[in-house]
Amino acid sequence: MGICPIRCKSRMTVLENALEPLSQAHDSMTVSLCNYPSFGQTELTMCIGEQLTIISDDGDFMMVKSSTTGHESYIPICYTAKVTHRWLFRGISRYKAVELLMQPQNLSGAFLIRESETNTGGYSLSVLRRTNTSCTDCVKHYRISNLQNGWVYISPGLTFPSLQHLVDHYSEFVDGLCCRLTGPCFIKGVDAAREARPEPTVIRRPTLNWKDISRSVIFRRKRTESDNSLVSEGLREAITSYLQMTEGGDYSWDT
């Protein structure tokens with residue numbers, strides 16, 4: 001029996017038959033959902049949104065090691081979430097999704113997909129869209145519905161064979177979302193590059209006052225390491241060329 005091609009209702013390539021479902025074991029990790037302990041002046045042993053190493057698990061509680069503080073803690077399992085594919089969070093509420101996405105390391109377009117609280121077996125997409133005017137209601141939520149054949153969609157006009165294909169599509173096209181998906185929600189201990197990103201250094205040179213600049217500053221051949229001239233090499237060459245053309249003088253760099 002031959003294979004019947006099925007075209008996805010989107011701007012994606014032709015896909016054939018059903019694809020394998022998402023594997024819960026793929027890139028699986030455990031992430032903290034809160035700061036612990038959360039009372040008094042006690043030093044934190046675990047921070048919200050960080051990767052945890054599981055040392056032992058007895059079902060209701062687990063011994064974990066923080067990837068940021070290095071401390072070990074015995075915590076309820078409800079303080080953590082299982083994350084696969086870097087963006088699929090299992091066991092978190094809408095409120096926790098907002099709290100995770102509102103971490104300062106996340107930029108507009110940061111997202112996660114979580115299990116729906118109201119639709120059993122369904123999912124929801126939560127997307128951060130920061131604005132300059134207000135930080136309220138920055139996270140938008142979209143229900144991901146299921147078709148009988150296992151395909152998923154946010155808008156009925158765009159269906160996808162898997163959550164991965166849905167993420168890939170909305171990472172390229174907005175198509176009705178508040179913004180394009182730019183990257184999974186930040187996880188401490190995993191996204192080291194974003195954690196260590198330095199602030200850009202801005203160097204502002206003083207404004208030139210041409211009346212105070214002598215000919216010797218402009219017509220100087222070489223600059224030493226200690227030379228902090230306001231006139232760059234390219235500008236001096238341009239001025240020299242202009243004077244040679246307009247005045248016919250011999251302005252050598254050796255003067």
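**Exercises on a predicted model**

Of the protein's 255 residues, 38% count as buried, where buried means under 20% relative accessible area with a 1.4 Å probe and protein chains only. This is a predicted model, in which local features need pLDDT of at least 70, side-chain atom pairs count only at pLDDT 80 or more, and totals for chains, interfaces and linings use all residues. Residues are numbered from 1 along each chain as its sequence is written, and side-chain values use heavy atoms, with hydrogens and water left out.

**Exercise 1.** Determine what pLDDT the protein averages, and which contacts the model has for residues 1–8.

*Solution.* Begin with the average pLDDT (the predictor's confidence in each residue, from 0 to 100), which is 76 for the protein, with 63% of the residues scoring at least 70. Turn next to residues 1–8, where pLDDT stays under 50 and the model has 16 contacts beyond four places in sequence, a contact meaning heavy atoms within 4.5 Å.

**Exercise 2.** Trace how strand β11 is joined to β10 and to β12.

*Solution.* Strands here are DSSP runs of E with at least two residues, numbered from the N terminus, and two strands pair if DSSP finds at least two bridges between them. First, β10 (residues 123–128) runs antiparallel to β11 (residues 139–146), and 6 bridges join them; in this pairing Y123 stands opposite I144 of β11. Then, 2 bridges join β11 to β12 (residues 152–153), again in antiparallel fashion, with S145 opposite Y153 in β12. Finally, the hairpin of β11 and β12 has 5 residues between the strands, and G150 takes a positive phi near 95 degrees there.

Methods: Helix = DSSP H or I, 4+ residues; strand = E, 2+ residues; numbered from the N terminus. Buried < 20%, exposed > 50% of the residue type's maximum accessible area, 1.4 Å probe, protein only.
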